[in-house]
Amino acid sequence: MAVVGLGGYSQRRRLRRWSDRDALHEAQEIDYPIVSSPTYLRPTEGHLTDALDKLAQRVDAARERWPDEEIEADDREIIANSRKQFERAKATLEDIEGQRGSFGGLSAAERLDVLGDLRSALGGAEQAVALADLQRGNRERDDIIATLGALRDEYESVIEDLPYVAPNLSWVVIAYGELDEWLDNVRGSIRTGEHHVHDEGNTDIVEPQYSAAQAASARARLADVVRLRDSLEETAREDTTANSFEQELDDAYERLNERTDTVTEQVDFDIEDGADEMDSYAYEISIQQHAGIYGRPDDAYEKELLALAVRQKVEHHAYALILSEFEDIPATHQPTASIPEFDTTGADVRDAKDRASAALDNRLRTDGDDPLVRHLCATLVERFDQQEHRLDRHLNAINDGSANEWTVELERTRLRYREIEELATTIPDAIATAIGSNDHA
């Protein structure tokens, strides 16, 4: 009897999840729009050629300082990192040198990727050069400190001279937001170089040559920013209505800050179930956002990267706007209460994905020409991609866990599709708040 009973239970369990399995497979078959964030940074073919020539020059300089590439024969730990970085620099040079004749056929995004790879490799080559110079007394730590100080001054000067010229707010947020990201990368390299050259790092491995590498990469990237900035302004001024949006960006940031706080204050983050109280899914979303993007807009704003700050703040505001849609739904994580039982099925997940895909497709069809809309939609595509991995995990674990554990996992997936649907719907309201054309967003 026990064996029969156990067998019967297992069979019923498989049959119940059999329908879930079929529905989850159907969910995998549902296509969703694929879109990438627009880029207005367009390195020229000559820009890439100059960057490639610069890398070749520094690789040659490293070889001159290390005849027969002695750096490869030295096994001391202090040398190991420089040897590895130099190998990467040489490999990058060889790989991209082979593409030299095809730069003209690359898209803007592909050119930016190549430029980024060249600048990273430049730091690796410079690390080998600096190591030789430092060991032979041809360069001192103070020289590197002085270089980093001068670089920081140059960085601040570029920040102050950002024109933020654009035909409209969406354009400036996306175009200059990407340029701001390049500037933030420069700032990070300078800060990392300063951190280590002042003995704040692990000096058993990280020596001044590492700071020299950061400085070389930062200097080249800063020159890239200036070059891209000038090209960006030239492109913007092709529109006769273009003007500086610096004040509008500042106003948009403050407006988004204020409206996000107001909207969030009106959300119920708790659900009362008789005498018990549990977190709502709105609270779960807010916690995820706090851990993800909550502090980044303020950080960018403090660095005077206004376009990047507004772009990130619009994303944050969109999440704030959807919270009210989830304040009556229990969270799937309950730190201080029992997780409720859900009756979510694979069909619910499938239908949620279908609605989310339709909402994103509608947003792109309706407003896809707006660069900020397109960027926000691209972030939702990334979330769709993450969900595909969740569907795979569900199918791989189709018979694992208890019935309640299974339905909780399905509910999490369903709710994340629901988030995508709501976000796609609310994008215009989030942007309207930034522009200042919607007092009710």
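Helices here are DSSP runs of H or I, at least four residues long, numbered from the N terminus. With that settled, I opened the structure, which is a predicted model.

**Entry: the negative patch**

I looked for charge on the surface and found a patch of negative charge made by Asp153, Glu156, Glu160, Asp161, Glu246 and Glu304. Helix 5 (residues 141-160) gives the largest share of this patch, three residues. I then followed up Glu246, which sits in helix 8 (residues 246-265).

**Entry: aromatic pairs**

How many aromatic pairs does the structure hold? I noted eight. In one of them, the ring centres of Tyr40 and Trp171 are 4.9 Å apart and the planes stand at 50 degrees, so I wrote the pair down as tilted. Tyr40 is in the loop between helix 1 (2-28) and helix 2 (45-65), while Trp171 is in helix 6 (residues 169-197), so this pair ties together parts 131 residues apart in sequence. Tyr40 and Trp171 are both buried.

My next stop was Tyr281 with Phe326, also a tilted pair, with 5.6 Å from centre to centre and 55 degrees between the planes. Tyr281 belongs to helix 9 (residues 281-292) and Phe326 to the loop between helix 11 (306-322) and helix 12 (346-367), so here the parts tied together are 45 residues apart in sequence. Again, I found Tyr281 and Phe326 buried.

Back at Tyr40, I saw that one aromatic cluster takes in Tyr40, Tyr164, Trp171 and Tyr176.

**Entry: salt bridges**

Side chains of opposite charge can pair when their charged atoms come close. I counted 31 salt bridges in the structure and picked a few to look at.

- Lys353 bridges to Glu388, with the closest N and O atoms 2.7 Å apart. This pair links distant parts of the chain, Lys353 in helix 12 and Glu388 in helix 13 (residues 371-396), 35 residues apart.
- Are these two partners buried or exposed? Lys353 is buried at 0% relative accessibility, and Glu388 is buried at 17%.
- Asp299 meets Lys303 at 2.9 Å, N to O. Asp299 is partly exposed at 35%, whereas Lys303 counts as buried at 15%.
- Glu233 pairs with Arg237, the closest N and O atoms being 3.1 Å apart. Glu233 is partly exposed at 22%, and so is Arg237 at 48%.

Terms used: Residues are numbered from 1 along each chain as its sequence is written. This is a predicted model: local features need pLDDT of at least 70, side-chain atom pairs count only at pLDDT 80 or more; totals for chains, interfaces and linings use all residues. Side-chain values use heavy atoms; hydrogens and water are left out. Patches are made of residues with over 30% relative accessible area and no salt bridge: like charges are joined within 9 Å, nonpolar side chains (Val, Leu, Ile, Met, Phe, Trp, Tyr) within 5 Å. Accessible areas come from the Shrake-Rupley method with a 1.4 Å probe; for residues, only the protein chains shown count as cover. A salt bridge is a side-chain nitrogen of Lys or Arg within 4 Å of a carboxyl oxygen of Asp or Glu. Lys and Arg count as positive and Asp and Glu as negative; His and the chain ends are not counted. The place of a charge is taken as NZ of Lys, CZ of Arg, CG of Asp or CD of Glu. Helices (H or I, at least four residues) and strands (E, at least two) are DSSP runs, numbered from the N terminus. Rings of Phe, Tyr and Trp (its six-membered ring) pair if their centres lie within 6.5 Å; planes under 30 degrees apart count as stacked, over 60 as edge-to-face and the rest as tilted. Buried means under 20% relative accessible area, exposed over 50%, partly exposed in between (1.4 Å probe, protein chains only).
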